[in-house]
Amino acid sequence: MEAYQWKSGQPLTDDYIARFEKTGGLFDYNPWQEESWRERAAWLDEQRPPGADRQRVADVLRAFNERAGAAPEALAAAEKLRDPRTLVIAGGQQAGLFTGQLLVVYKAVTLIAAAREASVRLGRPVVPIFWIAGEDHDFDEVNHIDYLSPSLSVERIKLEHSAGIRTSVSRTAIAGEQWAEAIGQLGGSLMDTEFKEGLLASLREAAEASGTLTDCFARLMARLFGPHGLVLIDSDDPALRALEGPMFRGLLERSAEVNEALLARSAKLKELGYEPQVELQETSANLFTYGEQGERLLLYRTEDGFADRKGERRFSRDELLQRAESEPRQLSNNVMTRPLMQDYLFPVLASVLGPAEIAYWGQTGEAFRLFGMRMPILLPRLVFTLVEGTVQKNMQKYGLSLEDVMERMEEKREAWLREQDAYGLESRFGEVKTLFRSAYEPLVGTLGEINPGLKKLGDTNLGKILEQIDFLHHKAEEGLRSQHESGLRQLQRIEASICPAGRPQERVYNIFAYLNRYGGDWIGQLLEQPLQVDGKHRVIYM
């Protein structure tokens, strides 16, 4: 397994990983300094403000993981939270179809690896908790997976939104026939292997026991990672919501202060030369509530309370405070307040985040301090690229590095094709055009002395002849490509496998195609490796 530094596409995240000193105090702890870990643990032991009751949190975790069919190792990990010495490595993702994109799996791997490493480092229990963002309502973001077809095109399997209401994914029902259709499409996309029938059977079993995407997601993640001690929780779980009322009350009562703190930190980001990841409004409440039909409504402050974005549905301050007291499930966090709620619920030693998440957490530091909290250590999620045997062999054949494929594949493909041009088509057509111009343009100039109209006609004629030469050149190149179709297809497969449509593999493909080809042992073998959470990109050769 090779590792190298990479650019995340988020300048703040890249600096956080490689040049922490440039981040200007936006973050409370430098993850690369050993003392940060001991300092954070000591702060949690001695200064963390009162949060949710540990015993009740452990009850909720155990019940949720039992419903998800978690392994004994995961249930035992949940029980460890009852011990006041136990700390948490937390991280999460939305509940995607069939676990969603590969990056979701890699976040789970990072959580497990980071908790294991922290436990050894501190000599105390550290539990990995995967926070399923089931409260999110963007169904179209999580209702599909993409796969590579035999024709090397990226195809999609998708669940339709039957309800039509923009409510939380955990409250969006999925009918049995929808599951059956999606699993049938997945089966059609997978090649026949020794693992295929078992995989599809496990999917059917999980789907039959699931009423929502979150239910199925939890069951599949529990099967993959429960034996490694990963604990799951849904942010929209009613039992968890019942513990969140006091924090919701604080967020409502101090809504203006919270938003001012977020805006102040966003301004500091701009001063440091970074662009804030989340756009905030002066009246943002950074909380959601639910309407009469169950629709999730983002709240904004008004003179006498709160309202939705259009101001059509209004709520008094007392009404929402009453919801926090007696119906906390009628409230929900946004991305800016979810980190605060996470720290209220759990003794978070560190949070595992993707590149964009690290960037927007950079806006939250002052909001943490409003509640006597400190931002936890932030760990960049492990990044992997899976390179299959045939792809690796062809990369070696064409002298391609992973950076070549991800950053300059078009350039490399055209350079290879030019090398195959034994006829020198590029230069010869260029010479022909130059020779033609040199002979024809003086003639056109002479014609202009006879009649200006002839000059104009000659220029037009010149352009048309050059167009015909270019047309013939294009046809010749097509013929050359046809001659080397096999090589070009091999190059296309390399690109489609590693960087489909110019996007990282982890953000496009799903884990099931790889489980179908290689079984599940490689995940366990990966977790047995001494994985260092260091912000580097790793290549796994399958």
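Modeller: A polar contact is a pair of N or O atoms within 3.5 Å, and between residues adjacent in sequence both must be side-chain atoms. The model discussed here is predicted.

Biologist: Which residue has a side chain joined to that of Asn 143 by a polar contact of 3.0 Å?

Modeller: Asn 143 sits in the loop between helix H6 (139-142) and strand E4 (144-148). The contact runs from side chain to side chain, and the partner is His 144.

Biologist: Is Asn 143 buried or exposed?

Modeller: Residues up to four places away in sequence aside, Asn 143 touches Leu 97, Ile 157, Lys 158, Leu 159 and Leu 213. Buried means under 20% relative accessible area. Asn 143 has 1%, so it counts as buried.

Biologist: Phe 98 has a positive phi although it is not a glycine. Is Phe 98 buried or exposed?

Modeller: Its phi is about 50 degrees. Phe 98 lies in the loop between strand E2 (87-93) and helix H5 (102-122). Its relative accessible area is 2%, so Phe 98 is buried.

Biologist: Ala 501 is not a glycine either, and its phi is also positive. What is the relative accessible area of Ala 501?

Modeller: Ala 501 has a phi of about 55 degrees and belongs to the loop between helix H22 (485-498) and helix H23 (512-518). Exposed means over 50%. Ala 501 is exposed, with a value of 79%.

Biologist: How far apart in space are Glu 271 and Gly 211, C-alpha to C-alpha?

Modeller: Glu 271 is in helix H12 (residues 255-271) and is exposed at 70% relative accessibility. In sequence, Glu 271 and Gly 211 are 60 residues apart. In space, the C-alpha to C-alpha distance is 47 Å.

Definitions and conventions. Residues are numbered from 1 along each chain as its sequence is written. This is a predicted model: local features need pLDDT of at least 70, side-chain atom pairs count only at pLDDT 80 or more; totals for chains, interfaces and linings use all residues. Side-chain values use heavy atoms; hydrogens and water are left out. Helices (H or I, at least four residues) and strands (E, at least two) are DSSP runs, numbered from the N terminus. Buried means under 20% relative accessible area, exposed over 50%, partly exposed in between (1.4 Å probe, protein chains only). A polar contact is a pair of N or O atoms within 3.5 Å; within protein, one must be able to donate a hydrogen and the other to accept it, and residues adjacent in sequence count only if both atoms are side-chain atoms. Contact means heavy atoms within 4.5 Å.
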